[in-house]
Amino acid sequence: MKQIFIACFILSLLTGCQKATLEQNATRVRTVDFHVVQKQSMTRAALADACTVLDYFRETDGEVTALLTQNSESESFGTVSDELPYGTRTLYFVGHKSEVTDFADGVASFDKVTDTFSYTTTIEVGEETESSRQIELLRNVAKLELIASDVLPDNLSTVEFSITGASTGLNVKTGLGATESTQTKTILVPKNNIGKPDCIFSAFVFLLENESLITFTFTAKDVDENIIVSHTFEDVEMQTNYISRITGKVFGDDFGFQINASTEWAGEIDYEF
């Protein structure tokens, strides 16, 4: 009987040690510092010009969780440090100039769509994982510009954009727009622009595919909300990291536009009407 008791006691010790070892392995972590840039060799100040907010998300067992929000005023802006549990981990970084008003099911919703960049990586975390990594953000938005080649009228107060065929939310897994929604934007026209030609009005959009067609309505109003002029453009071609530019006379009787795409971005798309 005494031998049986001793055997059971030893077995319980072995079982307890095994359980403790398993629990310890399950919670082992590796601290990794991620140095975020928008272009190679970019300084912290240059990163802050591209995006003033940096959000960090981690995916575990298929669920994406928001872990950190950095503001460009922070001394640590652009450096994200995380204690990553051992195993396969997928990480998401999103840089923008807005506020995330909601985050659910891997979709970030913003109070407004701004120039937005992201990076996604999947790493195997273990003892050999590098403790420091540099990641480069990629642009997630397309940009729509309208250039009024004629002079702005004296009674112009605001310009409104209404865009359909795109999204106001970002799927952080795909880097594309989440679900189709109508995006609206109201631009207060600076008084010193009145009477001047070639004024630019613009908006950023999350496309549902890298190449998409959107419908865009431009409405100009006076201070009393009376419509001065309104134009709708259908099937405007847009592409992620491209500027689609609509140029023409907006306020005169000889209404006419040319549409294209360009600049420091990946390219421009031109249209003529």
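The points below cover the model itself, a sheet, an aspartate and the cysteines.

1. This is a predicted model, where local features need pLDDT of at least 70 and side-chain atom pairs count only at pLDDT 80 or more, while totals for chains, interfaces and linings use all residues. Residues are numbered from 1 along each chain as its sequence is written, and side-chain values use heavy atoms, with hydrogens and water left out.

2. Five strands form an open sheet in the order E3-E2-E5-E8-E10, with antiparallel pairing. Strands here are DSSP runs of E of at least two residues, numbered from the N terminus, and two of them pair if DSSP finds at least two bridges between them. Strand E3 (63-71) and strand E10 (138-139) are the edges, each pairing on one side only.

3. Within that sheet, E2 (residues 53-60) and E5 (residues 87-96) run antiparallel and are joined by seven bridges. Tyr56 has Phe93 in E5 as its bridge partner.

4. Have a look at Asp150, in the loop between E11 (142-148) and E12 (158-167). Asp150 is buried without a salt bridge, and Lys249, the nearest side chain of opposite charge, is 7.0 Å away. Buried means under 20% relative accessible area (1.4 Å probe, protein chains only); a salt bridge needs a Lys or Arg side-chain nitrogen within 4 Å of an Asp or Glu carboxyl oxygen.

5. What does the side chain of Asp150 reach at 3.1 Å? The backbone nitrogen of Val250. The backbone nitrogen of Phe251 is 2.8 Å from a polar atom of that side chain.

6. The disulfide count is zero, taking a disulfide as a pair of cysteine sulfur atoms within 2.5 Å. Cys51 is buried at 0% relative accessible area, and Cys199 is buried at 7%.

How values were computed
Helix = DSSP H or I, 4+ residues; strand = E, 2+ residues; numbered from the N terminus. Buried < 20%, exposed > 50% of the residue type's maximum accessible area, 1.4 Å probe, protein only. Lys, Arg positive; Asp, Glu negative; His and termini not counted. Polar contact = N/O pair within 3.5 Å; in protein donor to acceptor, adjacent residues only side chain to side chain.
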